[in-house]
Amino acid sequence: QVQLVESGGGTVQAGGSLRLSCANAGSIFSINAMGWYRQVPGKQRELVAIITSSGSSNYADSVKGRFAISRDNAKSTVYLEMNNLKPEDTAVYYCYVLGVRVGKMDSYWGQGTQVTVSS
């Protein structure tokens, strides 16, 4: 059973900060990439940030300069530091992992954590 444990969501005022974390509880191996997507009702899930096993990262244009993704390979955990949050950052944020489970490379998702930014 896949277990990606997310934490850190919540409600914050515009300009504030939050830190999301996502821990792989151990069922996914040979992790290639870890990242975060977000989704608002009625819209497609969109990439926020992603980081590879070598440390290369990519960000959505809308969060560049405000968000920072990092990972702790020893803890199999990915973090998203979100600064200068804006109301348009309000969404459900999903952890994403590309890795191997039962011998197969596949994409895996966390359960989602709500981030609400008030104006």
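In which strand is the place of Gly10? Gly10 belongs to strand β2, which covers residues 10–13. The structure described here is a predicted model, in which local features need pLDDT of at least 70 and side-chain atom pairs count only at pLDDT 80 or more, while totals for chains, interfaces and linings use all residues. Residues are numbered from 1 along each chain as its sequence is written, and side-chain values use heavy atoms, with hydrogens and water left out.

The secondary structure of the chain consists of 0 helices and 11 strands. Here helices (H or I, at least four residues) and strands (E, at least two) are DSSP runs numbered from the N terminus. In sequence order the pattern reads β-β-β-β-β-β-β-β-β-β-β. With a radius of gyration of 14 Å, close to the 14 Å that the globule rule gives for 119 residues, the chain is as compact as a globular protein of that length. The radius is taken over C-alpha atoms, and the rule is 2.2 Å times the number of residues to the power 0.38. The C-alpha trace spans about 45 × 25 × 20 Å along its principal axes.

Of the 119 residues, 41% count as buried; the term buried denotes under 20% relative accessible area, exposed over 50%, and partly exposed the range in between, with a 1.4 Å probe and protein chains only. The chain exposes about 6,200 Å², of which carbon and sulfur atoms supply 47%. Accessible areas come from the Shrake-Rupley method with a 1.4 Å probe, and for residues only the protein chains shown count as cover. Among contacts (heavy atoms within 4.5 Å) with a separation of 6 or more, residues 24 or more positions apart account for 55%. The chain has 11 positive and 8 negative side chains, and the centres of the two sets lie 3 Å apart. Lys and Arg count as positive and Asp and Glu as negative, without His and the chain ends; the place of each charge is taken as NZ of Lys, CZ of Arg, CG of Asp or CD of Glu.

Strand β9 (residues 91–101) pairs with strand β4 (residues 29–39) in the antiparallel sense over 8 bridges, two strands being paired if DSSP finds at least two bridges between them. Within this pairing, Phe29 has Val100 of β9 as its bridge partner. Strand β9 also runs antiparallel to β10 (residues 104–109), to which 6 bridges join it, and Tyr96 stands opposite Trp109 of β10. A further 3 bridges link β9 with β11 (residues 113–118), again in the antiparallel sense; here the bridge partner of Ala91 is Val115 in β11.

Strand β11 is also paired with β2, in the parallel sense and over 4 bridges. In this arrangement Val12 has Val117 of β11 as its bridge partner. The covered face of β11 is formed by Thr113, Val115 and Val117, whereas the uncovered one holds Gln114, Thr116 and Ser118. Gly10 touches Gln114, Val115 and Thr116, as well as Leu18, when residues up to four places away in sequence are not counted. At a relative accessibility of 24%, Gly10 is partly exposed. Its C-alpha atom is separated by 34 Å from that of Val102, which is 92 residues away along the chain.

Ser7 has its place in strand β1 (residues 4–7) and is likewise partly exposed, with a relative accessible area of 35%. Leaving aside neighbours within four places in sequence, Ser7 is in contact with Arg19, Leu20 and Ser21. Ser7 and Cys95 are 88 residues apart in sequence, with 9.9 Å between their C-alpha atoms.

Backbone angles were also examined. Most residues other than glycine have a negative phi. Val102, although not a glycine, has a positive phi of about 45°. Val102 lies in the loop between β9 and β10, whose hairpin has 2 residues between the strands. This residue is exposed, with a relative accessible area of 79%. Ser76, also not a glycine, has a positive phi of about 50°. The loop that holds Ser76 lies between β7 (67–72) and β8 (77–82). With a relative accessible area of 16%, Ser76 is buried, whereas Val102 is exposed.
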